[in-house]
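Please examine the sequence and the structure before reading on.

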Amino acid sequence: MPAKTGKDYIEGLKKANNNIYIHGERVDDVTEHPAFKNVIKSMANLYDLQYEKPEKMLYTSPTTGDKVGMTFLQPRTVEDLIMRREAMQEWARTSGGMMGRSPDYLNAEVMAMGVNNSLFAEGDPRFAENARNYYEYARENDISLTHTLIHPQVNRAKMQHQQKDANVALHLVEERPDGIIVDGIRLLATQGGITDEILVFPSTVKKAGELDDPYSLAFAIPNNTPGLKFISRESFDYGKNEWDHPLGSRFEEGDAIVSFENVFVPWERVFVCGNSSVCNRTFKETNAVVHMAHQVLAKNIVKTEFVLGVALSMMDAIGIDGFQHVQEKGSEIMLTLETMKSHLYRAEHNAKLDKSGTMTPDFAALDAARNWYPRVYPRLTEIVRILGASGLMGIPTEADFNHAEIGPIIHRGLQGKNLEGRERVQLFRLAWDMTLSAFGSRQTHYEYYFFGDPIRMGMTYFDGYDKEPFKQYVESFLKKSSGVKASN
Ligand SMILES: Cc1cc2nc3c(=O)[nH]c(=O)nc-3n(C[C@H](O)[C@H](O)[C@H](O)COP(=O)(O)OP(=O)(O)OC[C@H]3O[C@@H](n4cnc5c(N)ncnc54)[C@H](O)[C@@H]3O)c2cc1C
C-alpha cells in the first residue's frame with residue numbers, strides 16, 4: 001500500500017476503536033473527542049503533506065514499488081540521510097517542533113531495528129526475522145506508532161522482581177505454541193491510542209539483571225488488541241480556539257498509562273522474550289538510538305528556530321532589543337541553534353556504513369546533542385518568560401478583542417512598538433503557550449525526560465567517554481620540562 005493520507009489515518013482510527021479512557025470515561029470515537037480530535041487533525045495534516053510534497057516526503061519502496069514515507073527510508077548514503085532528515089524537518093516545521101511524536105521518531109526506530117536485527121536472533125532466530133518483517137509491514141502500511149519503555153514508579157531503589165507487588169509491571173505470564181501472554185502496566189505512551197500500533201521495548205537507559213528476565217520484553221501489537229487499555233492523562237487542549245491557544249489547541253499529543261490485561265502477542269510480533277541481556281543492548285546494538293537521536297536533533301533545530309523567532313519578535317514588539325542583557329539572552333538562543341546545527345553537520349558528514357549497509361550518523365555528535373538539549377531547553381523557555389514579563393499575563397482572549405466595549409480599549413492599551421494591540425497579544429499568547437501554559441510546561445518536561453533520565457544518561461555518557469587522552473595530555477605536559485628556573 002502506498003503512504004497514508006490524512007483521511008486514511010483518521011478512518012483507520014475510527015475503525016480500530018482503540019480502548020482509550022480519559023476524564024473517567026471510555027472514548028467512543030477518538031477522532032471526534034474534544035481531547036484528541038485536534039491533534040488527530042494535525043497528525044492527518046502530516047500524512048497529507050506527504051502527498052503535497054511527494055518529491056521530498058515519499059520514495060519508492062524497494063519491495064513493492066509503491067510510494068512510501070521518506071521517514072522510513074533505510075539510508076545507504078550521506079545524501080539519503082540528508083534527504084530523510086529534510087523530510088523530518090518538513091514535518092517538524094508544521095508545529096514549530098512542538099509535536100515530539102510526529103511519526104518519524106518511531107519510523108526511524110523500526111527501520112534501525114528491522115535492518116540491524118541479528119541481536120534479536122540471540123533469543124530465537126525467528127525474532128530477527130520478525131524485526132525485519134515488522135519494519136517492512138510498518139513501512140508498506142505507513143503504520144503510526146506509540147511506544148512504551150518504562151515500568152511504573154513504585155520503588156526505584158529496587159529492581160523489578162524485588163518490588164512488593166512485582167506483577168504490577170508488564171511481565172511475561174505464559175509462552176504458548178502460538179504466542180505469549182503478557183500482563184501489567186507500562187508508562188508512558190505519548191500519543192497512546194491515537195496511533196495504529198504500540199511498540200513495547202526496554203528502557204534506553206535503565207539496565208536489568210537476569211532476575212528481571214520476565215519483564216524483559218519487546219514486541220509490537222495493534223492498539224485495539226483485546227486486553228489493551230490506554231488511560232490518558234487530563235487533556236491540555238481546553239477546547240479554546242487557535243488564536244487563544246495557538247499550540248495547545250493543535251498539538252496536544254497526550255500521554256497515557258498502558259494497561260495490558262492478559263494480552264496475547266503472536267510469536268511473529270515478538271522481538272525479545274524474557275531476555276534482559278538482549279534488552280539491555282537493544283537500542284545500542286541495533287543503532288536505533290542513533291537514528292532516533294538524528295530525528296530528535298533535526299526536530300529540535302526547528303524547535304529552536306521557532307523559539308528564537310518568538311523571542312526576536314517579542315523584542316521588536318516591545319522595543320527591548322537594544323538592551324544589553326536582552327541581546328545577551330537572544331545570543332544564548334542563537335548559540336544554541338548554531339551549536340545544534342554543527343552537531344547535525346558533524347553527525348551527517350562523519351556518517352559511516354554499519355554492518356547492515358545502513359548509513360549511520362556519527363553518534364558522538366548526536367550523543368552530545370541529546371545529552372545537552374534537555375539541559376538547555378528549560379533555559380530557552382526561561383528566556384522567553386524573562387523577556388515577556390507582564391506581557392505574558394496581560395493576554396486577553398480573542399473574544400475580548402471582539403467585544404464592542406472593551407475590544408477598542410485593549411487594542412489601544414496593549415499596542416506594541418511595531419504592532420497593534422491585537423497582533424501584539426496574539427504573539428504573546430504564542431509565547432505563553434510555548435512556555436507557561438499547561439501545554440508549554442509539558443513541553444519543557446517532555447524535552448527534559450522523553451529520551452530517558454538526563455542524570456543517568458549523563459552518567460552513562462561520562463562512563464563511556466574516552467577520557468584517557470586528556471589525562472595523558474596533562475600528565476605529559478607536567479612531565480615535560482622547558483628548563484624554566486625561579487628567578488628570585
Ligand atoms: C512528557 C513525557 C512524555 C513521555 N513519553 C514517553 C513515551 O512515549 N514512551 C515512553 O516509553 N516513555 C515516555 N516518557 C517516559 C520517559 O522515558 C521517562 O520519564 C524517563 O525515562 C525517566 O524515567 P522515569 O520517569 O521513570 O523517572 P524515574 O526513573 O522514576 O526517576 C525519577 C527521579 O529519580 C531519580 N532516580 C531514579 N532512579 C535513579 C537511580 N538509579 N540513580 C539516580 N537517580 C535516580 C531520577 O534522576 C529522577 O530525578 C515520557 C515522559 C514524559 C515526561
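## Charges over rings

Lys 467 lies over the face of Phe 462, with 4.6 Å to the ring centre. A charge sits over a ring if NZ of Lys or CZ of Arg is within 6 Å of the ring centre and within 35 degrees of the ring normal. The charged end of Lys 303 likewise sits over the ring of Tyr 377, 4.9 Å from its centre.

The model is predicted: local features need pLDDT of at least 70 and side-chain atom pairs pLDDT 80 or more, while totals for chains, interfaces and linings use all residues. Residues are numbered from 1 along each chain as its sequence is written, and side-chain values use heavy atoms, leaving out hydrogens and water.

## Aromatic pairs

The whole structure holds 18 aromatic pairs. Rings of Phe, Tyr and Trp (its six-membered ring) pair if their centres lie within 6.5 Å; planes under 30 degrees apart count as stacked, over 60 as edge-to-face and the rest as tilted. Tyr 373 and Tyr 377 form a tilted pair, 5.7 Å centre to centre with 35° between the planes. Both Tyr 373 and Tyr 377 are buried (under 20% relative accessible area, where exposed is over 50% and partly exposed in between, with a 1.4 Å probe and protein chains only).

The ring centres of Phe 450 and Phe 451 are 5.3 Å apart and their planes are at 40°, so this pair is tilted. Phe 450 is buried, with a relative accessible area of 15%, and Phe 451 is buried, with 4%.

## A ring cluster

Ring pairs link Phe 120, Tyr 134, Tyr 137, Phe 201, Phe 271 and Phe 283 into a cluster.
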